[in-house]
Amino acid sequence: QRSEFAFRAMRLGAHDVILEPYHTDRMNSAIQAALNMRTLERETRRLKNELRIRHDFKNIIGTTPTTCKMLDEMRRCAESSIPVLFRGESGTGKELAARTLHYNSPRADEPFFYINCAVLRKERSLEEVFAPIQNSTSKRDRKSDQYKDRSQGGTIFLDEIGNMDPSILEALLSRMDHSGKIRVTKCSPPIDARLLFSVRTNHRELANAEKVISGLFRRFSPYEIYVPSLRERANDIEPLVKFFLSEFEADKHGLTSNVSIEAMQVLSTYSWPGNIRELKNVIRQSSLMSEVSPIDLMDLPPSIRTGSICADFKLEIDNAELKNESVRKSEPKEIHPQRETISPAITADEKRDLPCELNGHTKDKEAPISIISLREAEKNMIKQALAFTGGNLTRTASLLEISRSALYRRLDKLQISRNQY
């Protein structure tokens with residue numbers, strides 16, 4: 001009777017059962033354990049609520065068309081359980097997008113499992129990878145009669161699945177059916193989990209990524225969401241910088257919350273190969289290194305400053321070339337009629353009658369006007385770079401992609417003085 005009473009009490013939700021004879025120490029420890037369990041449950045509910053607030057759609061910073069399109073697609077997919085494939089470059093926020101999709105779906109109360117497929121190797125078994133998923137099955141699900149068929153598994157996010165070892169990928173996909181159910185072990189019941197994938201589509205890995213994406217489409221037909229790079233959403237850089245600064249200031253990891261106009265211009269023109277992850281790290285470093293507010297241009301890492309200078313310099317050169325091209329097109333064609341009427345083979349007398357520029361000589365026996373020597377071309381390029389950087393040799397060498405010592409040698413060889421800049 002005592003065992004039956006204890007069994008019934010536990011099934012009704014009792015934390016512990018104390019039978020006669022009562023002991024004060026035993027009762028005190030049971031009460032304390034029950035109170036600790038209730039505190040833990042409250043803390044769990046509070047943390048889940050914070051996660052929902054943190055991963056709300058409105059907390060994804062961005063107003064550019066590409067960002068708005070991504071958010072609209074995520075909102076449409078949130079209420080369903082279809083598999084979703086996030087594709088984009090490294091550091092664009094694919095994991096954040098996956099977590100946001102989970103915490104705005106009906107499975108928000110269920111766990112979110114993150115699996116970094118890039119670190120999986122052959123010697124690591126899939127049972128070890130899926131062990132946390134199997135252990136997270138709640139007692140309520142274990143007591144349910146439906147557990148014989150399936151158990152609620154929440155959401156499984158397979159990050160960087162394109163970088164997984166092919167043999168491990170094949171073994172992983174063999175445990176998944178088309179509806180998304182996953183069998184952790186051969187004897188365990190299938191887990192009804194929503195599948196989310198991410199594939200890194202950097203230029204060097206594009207071929208392998210496309211191969212993995214085609215395999216996923218053949219097996220699961222996931223809905224594809226493109227996560228844009230920071231270069232495609234340059235107008236979002238300023239609000240992202242302000243968001244990161246407020247975040248660091250709240251966590252007391254930064255001492256400033258403003259950025260100067262010059263520094264913001266450099267941040268907006270940099271190419272950001274590491275995307276949002278690189279931007280966040282740069283802002284964190286600059287906020288810590290800045291002695292006064294706001295963050296100035298010299299507080300930014302040298303790689304960011306020189307990278308932005310190269311981009312501006314290239315833009316100026318492109319604009320100059322476009323301007324020269326438009327000038328050449330606007331010139332009357334009859335200015336040099338001989339250029340259009342010269343036959344492939346001309347006589348010595350005809351060649352003698354050509355203008356000096358086309359004859360290959362000038363009246364002063366100098367080089368042709370339209371052609372300059374390699375030495376002069378190199379000298380002009382260095383002078384343009386010095387004028388652009390204001391005579392700063394370090395930035396000039398970085399702009400020309402040569403070492404500082406090599407720049408010194410060229411200045412001496414070409415007799416260029418940097419004092420005039």
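This is a guided tour of one predicted model, stop by stop.

**Before you start**

Residues are numbered from 1 along each chain as its sequence is written, and side-chain values use heavy atoms, with hydrogens and water left out. Because the model is predicted, local features need pLDDT of at least 70 and side-chain atom pairs count only at pLDDT 80 or more, while totals for chains, interfaces and linings use all residues.

**Whole chain**

Show the cartoon. The protein has 18 helices and six strands. Both are DSSP runs numbered from the N terminus: helices are H or I with at least four residues, strands are E with at least two. Now colour by accessibility. Of the 421 residues, 35% count as buried. Buried means under 20% relative accessible area, exposed over 50%, and partly exposed in between, with a 1.4 Å probe and protein chains only. Take the contacts (heavy atoms within 4.5 Å) with a separation of 6 or more: residues 24 or more positions apart account for 69% of them.

**Stop 1: strand β5**

Select residues 191-200, which form strand β5. Is β5 enclosed or open? It is largely enclosed by the rest of the structure, because 10 of its 10 residues are buried. Look at each side in turn. One carries I191, A193, L195, F197 and V199; the other carries D192, R194, L196, S198 and R200; all are buried.

Two strands pair if DSSP finds at least two bridges between them. Strand β1 (residues 84-88) runs parallel to β5, joined by five bridges. Find R87 there; opposite it in β5 stands V199. Strand β4 (residues 181-182) pairs with β5 in the antiparallel sense, over two bridges. I182 has I191 of β5 as its bridge partner.

**Stop 2**

Select T100, in helix α4 (residues 94-103). T100 counts as buried because its relative accessibility is 1%. Which residues does T100 touch beyond its neighbours within four places in sequence? They are H55, D56, F57, I60 and M74.

Axes are lines fitted to C-alpha atoms, for helices over the stretch in contact, and angles run from 0 to 180 degrees between N-to-C directions. α3 passes α4 in a right-handed crossing. A crossing is right-handed if the near helix is turned clockwise from the far one by less than a right angle, and left-handed if anticlockwise. M74, C77 and A78 of α3 meet A97, T100 and L101 of α4. These residues divide into five nonpolar, one polar and no charged. Ala, Val, Leu, Ile, Met, Phe, Trp, Tyr, Cys and Pro count as nonpolar, Asp, Glu, Lys and Arg as charged, and the others, Gly among them, as polar.

**Stop 3: K242**

Go to helix α9 (residues 237-250) and pick K242. K242 counts as exposed because its relative accessibility is 51%. Draw a distance to N258, 16 residues apart along the chain: the C-alpha atoms are separated by 7.5 Å.

**Stop 4: α16 and α18**

Finish with helix α16 (residues 374-389) and helix α18 (residues 404-414), whose axes come within 11 Å and cross at roughly 120°. α16 passes α18 in a left-handed crossing. On α16, show R375, E378, K379, I382 and L386; on α18, show L407, R410, L411, K413 and L414. By class, this contact has five nonpolar, no polar and five charged residues.
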